[in-house]
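Hi,

Here is the structure I promised to pass on to you. Have a look at it first, and then read my notes below.

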Amino acid sequence: MGQLWNTIFIQPMIYASLWLYQFLGHNFALAIAVLTVVVRLLTLPLTLPAQKSAKKQQELQPKIQAIQKKYAKDRERQTEELMKLYKEEGINPMGGCLPLLIQLPIIMAFYQSIAKVLADTPLTLFSLSSFVAGNAALTSLVPLSSKFLWLNLARPDPWYVLPILVVFTSWFQQKMMTPSTPATDPQAASMNQTMQITMPLMFGFLTMQWPSGLAIYFVVTNIVSIIIQLVIDMQGGRSIRDVFQAVFPQMTSDAGTAKGRRKKR
Amino acid sequence: MIEFLRHKWSLLLVILVAGLFMSSCGGTAPAASWPGMTVAEGVVYVALTDGKVHALYADSGKEKWVFPTEEGKSSGFLGCSAPRVTEGPIYAPPAVGGDLVYVGSYNNTVYALNTVAGVQQWNFPTGDRIVAAPVVVDDTVYVASSDQYVYALDAEDGSERWRFQAGNWVWASPLVDQESGAVYVATMGHKVYRVRLTDGTAEWEFTAQGAVAAAPALAGDLLVFGSFDGRVYAVDARTGEEQWTFQTGGWVWGTPVVVDDVLYVGSQDQHVYALKVADGTELWRFQTGGVVRDTLVYGEGLLYVGSEDTQVYALDAQSGDVQWSTSIEEQILSRPVLTEEALYVATLNGKVYALDPADGSRIWHYPPSEG
């Protein structure tokens, strides 16, 4: 099973990252960034329906909450009405799940292959050797130059810049996905709030431990997700300003108030 | 990734992702290093995978001392060892000179301990991790570091005499040849240098097609070494000019062993090769069931091989025929050590075995309660 996983997923990704490294002037940070974008674009047919479905469900939140409130004591009827609503709106509530599950191995393989290629200890290099030993061109690249700006890509960022970027981009992306209308269910609202803070912090904490090359992967993949979401939003008739207003309501309302005050004077 | 979290099944997916991320940690923490071992004056000095140097009596396997005595730090978040950066494992076999034993650690530091009780006499911090075994010649200890330098230190007090900038990680022990007054330095940046023994000035450099992770060996006027490009190289030790190469099917991590006019080397392609020193002609090859990562050891017409397939092989050096083999039941990635009394083998899971060189039967093992 492990061998099959390595052959189908890990080996091609290791080869791809090493070829990119060679092609991009031995800059592995750039290779990770480019490969991340390529992988995200290739998995777009899988992620896009999920992202669209999630977004549509959020837009329907007021209607969903109204049904939940109306049939709070009749679970059967509640489910029935919800399914009816989903059908009317053309949403498959489970539709987003399968594509996400299918792309999980790809994301995992990508993560594992970066970790392997970034080998800078004898044991990790020994592990990498079983993947590249048969290819003279790739073997000649080992060990990779892991220097990029102030970073050693095989080790954690000593200045915590990347973990901060991971936290910010994760939070931004999650905030974009949050419905602009507040949840009427206080439990759901509280869960949303907690998720918005704890999940980005958790990813930030993990990237403090991991090699900075992996943190670059997380930052780039978050940015790609933000761009995709932005495109979906714009297709739905929202402007960039609307999106930013939804993410930073306080700042934009403050700015609006200040502008208003200036006009009054 | 955050779109997962908005979904109904988000919690399940997060748990699944976390589980997969952590899957590289495994149920039991993988070894943070492979063991390095040396034997001197009836004592086995072995740096095990726990990041400690264990001094064992060679005849009984009983513990003499352990350095350091306190427990090391956790291997990482939730016990995750990869790709977490570890702090104190030791890859390098210790080196003994006089009444001191020298240990290069992954925490960038070389330690000098007394052989009696393992008490630290001095330490010397380098700029990065130390993978190579220190080399002691007379009153100088040569230390190679991943900070790209090779240091010549006073063996008594650790003061620096000179340093040589090698331009890349140096994971191979320097080869010191007092006769010609040279130190040979191999680097992970594909280079091999000949450096003047007295002041560390480079005399020539040779570029291989792959990283050179193990010390070269001298075979008369030839300098022989293996590389990650799968080749065994022979260059003129005086000029650095290539004389011949021999292609194996995998990375060569070990130092070639030279006996008279034959050199023996293991490869990641699972083979042990016997080559003619003069021109690199293959005399025989023997296939094990796993990677032969480190250096082989020769004694009394037999070649002892530790393999990733958990077997120790004793091969006839003339023909490559197996005289005996025994299973240790654990991967062997480190070189065995041979004395008149025993063949010592350390495994990747941190155990040491003393075997009878005549037939491979076990004399003792360490820790005594296991294996």
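Let me begin with a term: accessible areas come from the Shrake-Rupley method with a 1.4 Å probe. In this predicted model, chain B exposes about 14300 Å², and carbon and sulfur atoms supply 46% of that area. Of its 371 residues, 61% count as buried.

What is chain B built from? It has two helices and 32 strands. Among the contacts in chain B with a separation of 6 or more, 37% are between residues 24 or more positions apart.

Strand S30 (residues 343–346) and strand S31 (residues 352–355) of chain B are joined by four bridges. If you want to find one pair yourself, B:Ala346 has B:Val352 in S31(B) as its bridge partner.

Now for the nonpolar cores. The largest has 70 residues, and A:Phe28, A:Leu125, A:Val132 and B:Phe228 have the most contacts inside it. Several helices of chain A give two or more residues to this core, including H1 (2–23) and H2 (28–42). H11(A) provides the largest share, 10 residues. Another core, of 17 residues, lies apart from it and includes B:Ala132 and B:Leu197.

Enjoy exploring!

Key. Residues are numbered from 1 along each chain as its sequence is written. Chains are lettered from A and ligands numbered from 1 in the order in which they are written. This is a predicted model: local features need pLDDT of at least 70, side-chain atom pairs count only at pLDDT 80 or more; totals for chains, interfaces and linings use all residues. Side-chain values use heavy atoms; hydrogens and water are left out. Buried means under 20% relative accessible area, exposed over 50%, partly exposed in between (1.4 Å probe, protein chains only). Contact means heavy atoms within 4.5 Å. Two strands pair if DSSP finds at least two bridges between them. A nonpolar core is a set of buried Ala, Val, Leu, Ile, Met, Phe, Trp, Tyr and Cys residues joined through side-chain atoms within 4.5 Å.
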